[in-house]
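Please read the following report with the sequence and the model side by side, and look up each residue as it is mentioned.

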Amino acid sequence: MPYVRYPIAALAAAITLTLLAPLADARTATKVQTGARKIGTLAPSINANALVAQLAGTGVTLSNARFTGSAKAVGSFGGAASSIGIDSGVVLSTGDILDLQGPNDNDSTSTTLDTPGDNDLALLVAPYATYDAAILEFDLVTASPTISIRYVFASEEYNEYVDSPFNDVMAIYVNGVNCANTGGQPVAVNTINAGRNSALYFDNTNGARNTQMDGMTVPLDCTAAVNVNQVNKIRIAIADVSDPILDSAVFLAAGGVRSPGVGSVTLSNSVKAIEYYHAGFDHYFMTAIPAEIAILDTGVPEKPSMSTSRV
């Protein structure tokens with residue numbers, strides 16, 4: 001029988017539902033035409049070498065870039081510091097990147113691309129299948145034994161489908177090893193959310209940030225060992241899981257592929273992050289966005305019942 005998609009509350013009551021391979025049309029989604037509402041700029045592009053050139057930071061040389069997926073699913077973004085937590089860079093999506101434009105006025109925005117999933121990502125979410133994968137690969141050379149890559153994972157699967165089979169996933173493979181992990185698990189809807197690793201998560205259900213995505217991580221860094229002065233293979237991938245609707249995206253920071261061992265950290269490339277406690281939800285969360293920190297420090301006018309405290 002097909003897998004019928006329900007919100008979590010309904011899913012708990014549907015005890016007779018059998019978890020079999022879902023049909024692609026088992027649930028519905030809405031594509032919102034967002035017009036001029038943008039995360040600063042969003043520009044589709046399949047020029048992989050030009051995109052990867054944006055990612056090169058201190059101490060690394062990047063080359064031989066390749067992209068696999070739909071032409072709608074990749075491009076560059078800018079002016080997104082207040083929306084995403086990263087100002088500019090490269091974005092990969094399981095749908096149309098233009099659907100990432102804000103505001104968040106729909107909780108099921110989606111574009112089905114009819115492109116294949118990814119075998120490596122499927123291993124991370126087995127036994128569920130993957131769909132609409134977007135994959136950016138390139139070579140990296142550095143004189144340092146470690147590299148770091150900055151990114152944000154966002155999804156329209158939040159929050160209705162947390163802890164369900166619709167566990168959209170991403171990975172950053174460095175010489176075949178995924179460094180985009182939290183607690184030994186891959187970065188995905190089911191591993192970072194309001195109830196799990198919540199300090200790494202921002203809930204955008206109320207549209208506080210100008211993007212259509214219902215939730216996202218804070219800016220994260222994956223750090224990996226590499227071979228010094230040799231070609232290292234980088235593979236960044238994201239995919240829908242269990243069906244091809246409700247999009248997810250990974251935002252990669254401009255200059256965010258760097259070698260921490262080359263040069264020193266200065267105030268110009270360090271980020272201040274503040275952790276807050278939300279009394280209403282009884283959980284902690286973090287933000288590194290200056291405007292958001294200022295609002296939280298003085299209260300949130302539209303949510304007068306919310307109390308915060310620095311820790």
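## A buried strand residue and its surroundings

Leu220 has its place in strand β13, which covers residues 220–225. The model is a predicted one, and in it Leu220 counts as buried because its relative accessibility is 11%, where the cut-off for buried is under 20%. Although Val152 is 68 residues apart from Leu220 along the chain, the C-alpha atoms of the two are separated by 6.1 Å.

The table sets out the contacts of two residues, leaving aside residues up to four places away in sequence.

| Residue | Residues touched |
|---|---|
| Leu220 | Ile149, Arg150, Tyr151, Ile192 and Leu200 |
| Ile172 | Ile149, Tyr151, Val177, Asn178, Cys179, Ala180, Cys222, Arg235 and Ile236 |

Turning to a helix, α2 spans residues 48–55, and its buried residues are Ala48, Leu51, Val52 and Leu55. Seen down the axis of α2, these buried residues fall within an arc of 95°, and therefore they line one face of the helix. What do the buried residues of α2 pack against? Their partners are the strands β2 (60–68), β3 (74–78), β4 (89–93), β5 (130–142) and β15 (248–258).

Definitions and conventions:
Residues numbered from 1 in each chain as written. Predicted model: local features only at pLDDT ≥ 70, side-chain atom pairs only at ≥ 80, totals over all residues. Heavy atoms only, no water. Helix = DSSP H or I, 4+ residues; strand = E, 2+ residues; numbered from the N terminus. Buried < 20%, exposed > 50% of the residue type's maximum accessible area, 1.4 Å probe, protein only. Contact = heavy atoms within 4.5 Å. Arc of directions from axis to C-beta.
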